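Please walk through the model below with the coordinates open.

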Amino acid sequence: LYGVRAAMRAFLRYLYIQGELEWDFGGDLARPSRFSADQRPKYLPWSEVEAFLSGVDRASPVGKRAYAVLTLLACQGLRAGEVAKLRLEDLDLEAGSIFVRERKNGQSARLPMSARAKEALEDYVQVRPASERGPVFVTVDTSLKPMSAVGVGRLAGSRLRRRFPGRIESCGSHVLRHSFAKCLLDRGARLTDLGLMLGHRHLRSTLMYARIATEELREVADNYARLL
């Protein structure tokens, strides 16, 4: 809709310059209305997420870092900013837990690690430039510069676009987060539990994920229609 508005503004501007219109009406065009309640999360089927993760080349330190980042996004449902803020002291690899600080809801939380995330972090930490404290994800050289939230998002977006060209309108870290949420719902998770895992402040934020069960609802409707 925003692209259509821009094209229409340019066309009306052209007509005004050419003298076909007495007034440049382009500036009067209203912005399209977009309500958060009308949006549906973009996600991938979990089988495709698993194939995507399995396809990451982990032969190099860069590959191990990328795999660990992508696994935290997909298998823990973390935001890009939460991944970037992780520190070595936040990881308890022996107990299999991870401390996520300063979440969007204003609270911190200690979450259990999935088996895949634990394996990925153990593999990456072994090749990470040596230091006892500091950000988990850093550059692979000796400068130890931390990855930013933007860097995490770009890493996820570029790899998703290469793997799924044209499949997802906006390929970024949230696609993996949404896929994680959909997987939990498919396996029977309650919305309240899902909200805790995702770090939502209000239940209405979690309710957005209830809209991604459209196909299941359509199947129920089709089966019901056959009974009429």
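Gln-76 has a relative accessibility of 1% in this predicted model, and because the cut-off for a buried residue is under 20%, Gln-76 counts as buried. A polar atom of its side chain lies 2.7 Å from the backbone nitrogen of Ser-114. Leaving aside residues up to four places away in sequence, Gln-76 touches Thr-71, Ile-98, Pro-112, Met-113, Ser-114, Ala-117, Phe-180 and Met-197.

Ile-98, which Gln-76 touches, has Leu-111 in β3 as its bridge partner. Strand β2 (residues 97-100) and β3 run antiparallel and are joined by four bridges. In general, the strands of a sheet pair through backbone hydrogen bonds, in either a parallel or an antiparallel manner. The sheet here is open and has three strands in the order β1-β2-β3, with antiparallel pairing. β1 (91-92) and β3 (109-112) stand at the edges with a single partner strand each, so one side of each is left without a neighbour in the sheet.

The two faces of β3 can be told apart by their cover. Ala-109 and Leu-111 form the covered face, while Arg-110 and Pro-112 form the uncovered one. Pro-112 is also among the residues that Gln-76 touches.

α3 packs with helix α6 (residues 149-163) at an angle of about 90 degrees, and their axes are 10 Å apart. Angles of 65 to 115 degrees count as roughly perpendicular, and α3 and α6 are therefore roughly perpendicular to each other. Ala-66, Val-69, Leu-70 and Leu-73 are the residues of α3 in this contact, and they meet Val-152, Leu-155, Ala-156 and Arg-159 of α6. By type, the residues of the contact divide into seven nonpolar, no polar and one charged.

The whole chain comes last. The secondary structure of the protein chain comes to 10 helices and three strands, which follow the pattern α-α-α-α-β-β-β-α-α-α-α-α-α along the sequence. Of the 228 residues, 37% are buried. Among contacts in the chain with a separation of 6 or more, 56% are between residues 24 or more positions apart.

Key: Residues numbered from 1 in each chain as written. Predicted model: local features only at pLDDT ≥ 70, side-chain atom pairs only at ≥ 80, totals over all residues. Heavy atoms only, no water. Pairing = 2+ DSSP bridges. Buried < 20%, exposed > 50% of the residue type's maximum accessible area, 1.4 Å probe, protein only. Polar contact = N/O pair within 3.5 Å; in protein donor to acceptor, adjacent residues only side chain to side chain. Contact = heavy atoms within 4.5 Å. Axes fitted to C-alpha atoms, helices over the stretch in contact; angles between N-to-C directions. Parallel < 35°, antiparallel > 145°, perpendicular 65-115°, else oblique. Nonpolar A, V, L, I, M, F, W, Y, C, P; charged D, E, K, R; others polar.
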